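Visitor: I am new to this structure. Could you take me through it in a few questions?

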Amino acid sequence: MSDIEKLAHFIDASQNIVFFTGAGISTESGIPDFRSPGGLWEKNRPIDFSEFIASEDARREAWRRKFNMERVMKGAEPNIGHKVIGELYSAGKVNAVVTQNIDGLHQLGGVADEDVIEIHGNGTYAKCLECHKKMSLDAVKKIFAVNETLPTCSQCGGIVKTATISFGQAMPEEEMRRAEMEAIESDLFIVAGSSLVVFPAANIPVIAAQHGAKLVIINREETPLDPYAELTINSEIGETLSGVTKM
Ligand code: NAD
């Protein structure tokens with residue numbers, strides 16, 4: 001039996017499937033990941049949360065990168081991987097998608113917003129770090145366009161940041177709790193496109209495996225969690241998931 005046949009069989013036999021995705025599921029939509037050759041890390045070292053808070057220069061650099069990246073993200077459409085997940089969700093097979101991505105492509109691929117658990121936040125808006133008041137990216141852009149002025153909260157004067165989770169920033173409690181619950185309740189937990197080296201996110205597949213889910217990892221390269229997996233498929237996500245739908 002081929003790996004794709006095995007995966008199709010696992011999906012057929014499961015009722016509570018959870019997908020766990022990383023930057024790798026969106027590369028086929030033209031959004032670079034972090035760690036692949038040509039990925040974002042080759043160009044820019046990430047700005048961690050303490051640096052963002054401490055330094056106005058770091059904040060300016062973060063907004064510059066954000067607006068550059070936005071050009072790429074804006075034109076991005078869900079690819080075959082997002083769409084197959086959307087179809088399995090519509091068929092009632094997939095309970096939730098836990099994603100480290102901030103690009104909103106699972107929602108565009110057909111998964112209801114409330115069932116996409118964004119553990120690293122959402123890059124489509126900004127918010128105040130003090131009072132959490134939301135601010136649109138367009139509003140930030142207008143302020144920043146005048147001599148790279150940094151946005152501050154209109155309500156409390158606090159620092160405004162994209163609604164994403166940076167390295168060193170606390171994880172969102174409610175999303176992490178929900179992600180862990182979904183992992184515990186799943187019977188099949190499928191990782192697609194994550195290097196699984198970013199913690200605490202990478203603990204979630206371990207929790208699923210420890211609570212009896214079959215763990216499948218689809219990723220171009222090996223990951224440190226491969227020993228926990230019942231099946232690892234080191235190939236392209238689009239080709240793999242579209243192969244499953246043809247079985
Ligand atoms: P990562 O860059 O560490 O790992 C991505 C993995 O996906 C790599 O191991 C790579 O080999 C694999 N991959 C890439 N394209 C693939 C494909 N088409 N088929 C199969 N495998 C493929 O990403 P990560 O694990 O998500 O962690 C990095 C962090 O960066 C995350 O927290 C995420 O929030 C953030 N990020 C998000 C986006 C996005 O929203 N699209 C983009 C870049 C980074």
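Visitor: How far does a polar side-chain atom of Ser194 lie from an oxygen atom of the ligand?

Guide: This is a predicted model, so the distance is computed from its atoms. A polar contact requires a pair of N or O atoms within 3.5 Å. The polar side-chain atom of Ser194 and the ligand oxygen atom are separated by 2.8 Å.

Visitor: What percentage of the area that the ligand exposes when taken alone does the protein bury?

Guide: Taken alone, the ligand exposes 850 Å². Of that area, the protein buries 97%.

Visitor: Which residue has a polar side-chain atom 2.5 Å from an oxygen atom of the ligand?

Guide: Thr27 has a polar side-chain atom 2.8 Å from a ligand atom, but that atom is a nitrogen. The closest residues around the ligand are Arg35, Gln100, His120, Ser195 and Glu221. The polar side-chain atom lying 2.5 Å from a ligand oxygen belongs to His120.

Visitor: How many charged residues are in the shell around the ligand?

Guide: The ligand is surrounded by 28 residues. By class, 8 of the shell residues are nonpolar and 13 are polar. The charged residues in the shell number 7.

Visitor: How many residues does the largest nonpolar core have?

Guide: Leu7, Phe19 and Val216 are among the residues with the most contacts inside this core. Elements that each supply at least two of its residues include α1 (3–13), β7 (188–192) and β8 (214–218). A second, separate core, which includes Met171 and Ala202, has 24 residues. The largest core has 25 residues.

Terms used: Residues are numbered from 1 along each chain as its sequence is written. This is a predicted model: local features need pLDDT of at least 70, side-chain atom pairs count only at pLDDT 80 or more; totals for chains, interfaces and linings use all residues. Side-chain values use heavy atoms; hydrogens and water are left out. A residue is near a molecule or strand if one of its heavy atoms lies within 4 Å of it. A polar contact is a pair of N or O atoms within 3.5 Å; within protein, one must be able to donate a hydrogen and the other to accept it, and residues adjacent in sequence count only if both atoms are side-chain atoms. Accessible areas come from the Shrake-Rupley method with a 1.4 Å probe; for residues, only the protein chains shown count as cover. Ala, Val, Leu, Ile, Met, Phe, Trp, Tyr, Cys and Pro count as nonpolar, Asp, Glu, Lys and Arg as charged, and the others, Gly among them, as polar. A nonpolar core is a set of buried Ala, Val, Leu, Ile, Met, Phe, Trp, Tyr and Cys residues joined through side-chain atoms within 4.5 Å. Buried means under 20% relative accessible area, exposed over 50%, partly exposed in between (1.4 Å probe, protein chains only). Helices (H or I, at least four residues) and strands (E, at least two) are DSSP runs, numbered from the N terminus.
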